[in-house]
Amino acid sequence: EQAEKAMSEGLSVCKALAAMFHASDEVNEAAINFVAMTAMQVGLSEEQNQEVQQVMRDGGDYEAALSGIESNPMRGLFLQRMLAAVLLDEEITEKEQELIDRTLDQFGVTRQLGAELVAWTNVGLEIEKRVAGLLQKI
């Protein structure tokens, strides 16, 4: 039952990410790969992956997907993946900020903590870019 719940939450994480990309009009190859990597990370089945791909194409109920993410570890995973996705292009659009705020509200996270998460996610992405640059010198 525990594993089943985690799988269900993993599906909700991926559906929420897919709905976010669709709502932000940012469904492209990078977004599809980003969600696919998350799906692999949480161990979705091929059938569940198809459900997620359909949400990417047709849209989905973002709040319903969020409500399926109940445990703190999965909420943390979702916030981490969501903020990384939003910040990949180094800017937060009005639509993206609205989605962030709705997510923070749904999860009971304060705006201050949300702002700190955004700031540290930015730092993490900068570090990843610098490391990638160093690795290219090898």
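This is a predicted model: local features need pLDDT of at least 70, side-chain atom pairs count only at pLDDT 80 or more; totals for chains, interfaces and linings use all residues.
**Fold.** I began with the secondary structure. I count 7 helices and 0 strands in the protein chain. Read from the N terminus, the order is α-α-α-α-α-α-α.

**Overall dimensions.** I then looked up the radius of gyration. For 138 residues, a compact globule would have a value near 14 Å; the protein chain has 15 Å, so the two agree. Along the principal axes, the C-alpha atoms fill a box of roughly 45 × 35 × 30 Å.

**Contacts and burial.** I took the contacts between residues at least 6 apart in sequence, and found that 78% of them join residues at least 24 apart. I find 38% of the 138 residues counted as buried.

**Surface and charge.** I note an accessible surface of about 8300 Å² for the protein chain, with 53% of it belonging to carbon and sulfur atoms. For the charges, I have 11 positive and 24 negative ones in the protein chain. Their mean positions lie 4 Å apart.

**Arg81.** I turned last to a single residue. I place Arg81 in helix α5, which spans residues 72–87. Which side chain of opposite charge is nearest to Arg81? I find Glu128, at 7.6 Å. A salt bridge needs a side-chain nitrogen within 4 Å of a carboxyl oxygen, and Arg81 has none, although this residue is buried. I also listed what Arg81 touches, leaving out residues up to four places away in sequence: Leu17, Phe34, Met37, Thr38 and Gln41.

Terms used:
Residues are numbered from 1 along each chain as its sequence is written. Side-chain values use heavy atoms; hydrogens and water are left out. Helices (H or I, at least four residues) and strands (E, at least two) are DSSP runs, numbered from the N terminus. The radius of gyration is taken over C-alpha atoms; the globule rule is 2.2 Å times the number of residues to the power 0.38. Buried means under 20% relative accessible area, exposed over 50%, partly exposed in between (1.4 Å probe, protein chains only). Contact means heavy atoms within 4.5 Å. Accessible areas come from the Shrake-Rupley method with a 1.4 Å probe; for residues, only the protein chains shown count as cover. Lys and Arg count as positive and Asp and Glu as negative; His and the chain ends are not counted. The place of a charge is taken as NZ of Lys, CZ of Arg, CG of Asp or CD of Glu.
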